[in-house]
Amino acid sequence: MATYTQKQSLSWGTTMITICIILLFGAISLWGKSWEDSMGWGLAITLAVTLLGMVISSLCFMPMKVSVDEEDLTLWFSFRYKKIPLDKIAEVTPYQLPKNTIRLCGSGGFMGYWGWFRDANLGRYMMYATQQKNLLAIKLADGRHYVISCQDPEALAEIIKSYK
């Protein structure tokens, strides 16, 4: 069988959060540069470096596409990829985030939703998502959970099951 691929796209809300944070950091940096002492330049440089670090780290965890072949589910990021062997996957189901979802560490909208999250249904899990809808929950045989976003979670779940 061939490789099945779905591309990712940022939701409107995620795009707006990302733009607002970049504009806010840029505006504060420019405001800091306008100060006549060295403290303003220090603020501007600190914010610019912080924003650069946020963008680079986000590109490392924001999914660009997801693909499935005979052996692996692969999450593709800007600078890397993560393979999950299909024989380690115990269960895949479309998923809807409950209202009690807590972000433990990661991004809650800036360039996606990624990092460690916790909710009452799955417990602690790693999320790699560009939006809060069209999610797929993946349970591994060792008990770990992943939640990923995709264009069509039902189709992706069926493809994964067909390869297993």
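**Briefing: sheet, helices and cores**

Ala137 lies in strand S9, where strands (E, at least two residues) and helices (H or I, at least four residues) are DSSP runs numbered from the N terminus. The model is predicted: local features need pLDDT of at least 70, side-chain atom pairs count only at pLDDT 80 or more, and totals for chains, interfaces and linings use all residues. Residues are numbered from 1 along each chain as its sequence is written, and side-chain values use heavy atoms, with hydrogens and water left out.

**Surroundings of Ala137**

- Ala137 is buried, with a relative accessible area of 6%; buried means under 20% relative accessible area, exposed over 50%, and partly exposed in between (1.4 Å probe, protein chains only).
- Leaving aside residues up to four places away in sequence, Ala137 touches Glu91, Val92, Thr93, Tyr95, Leu122, Tyr146 and Val147, contact meaning heavy atoms within 4.5 Å.
- Between Ala137 and Leu47 there are 90 residues of separation in sequence and 36 Å in space, C-alpha to C-alpha.

**The six-stranded sheet**

- Six strands form an open sheet in the order S5-S9-S10-S8-S7-S6, with mixed pairing; two strands pair if DSSP finds at least two bridges between them.
- Strand S5 (89–95) and strand S6 (102–109) are at the edges with a single partner strand each, so one side of each has no neighbour in the sheet.
- From one strand to the next, the twist averages 20°; axes are lines fitted to C-alpha atoms, for helices over the stretch in contact, and angles run from 0 to 180 degrees between N-to-C directions.
- Five bridges pair strand S9 (residues 135–140) with strand S10 (residues 145–149) in the antiparallel sense, and Lys139 has His145 in S10 as its bridge partner.
- Helix H1 (residues 12–33) packs on the sheet through contacts with S6 and strand S7 (112–119), and its direction makes about 85° with that of S6.
- Helix H3 (residues 153–163) also packs on the sheet, touching S5, S9 and S10, with its direction at about 165° to that of S5.

**Helix H1**

- The 22 residues of H1 should span 32 Å at 1.5 Å a residue, and its end C-alpha atoms are 31 Å apart, which agrees; the expected span is 1.5 Å times one less than the number of residues.
- Thr14, Thr18, Phe25, Ser29 and Gly32 are the buried residues of H1.
- Viewed down the axis of H1, these buried residues fall within an arc of 70°, so they line one face of the helix; the arc is that of the directions from the helix axis to the C-beta atoms.
- Trp12, Leu23 and Leu30, on the other side of H1, are exposed.

**Strands S1, S2 and S3**

- Strand S1 (residues 4–7) and strand S2 (residues 65–68) run antiparallel and are joined by four bridges; Thr5 has Ser67 in S2 as its bridge partner.
- S2 also pairs with strand S3 (residues 72–76), antiparallel and over four bridges, and Ser67 stands opposite Thr74 in S3.
- A hairpin of three residues joins S2 to S3.

**Nonpolar cores**

- The largest nonpolar core has 22 residues, and those with the most contacts inside it are Leu73, Ile89, Ile138, Ile148 and Ile160; such a core is a set of buried Ala, Val, Leu, Ile, Met, Phe, Trp, Tyr and Cys residues joined through side-chain atoms within 4.5 Å.
- H3 gives the most to this core, with four residues.
- Another core, of eleven residues, lies apart from it and includes Tyr95, Tyr125, Ala129 and Val147.
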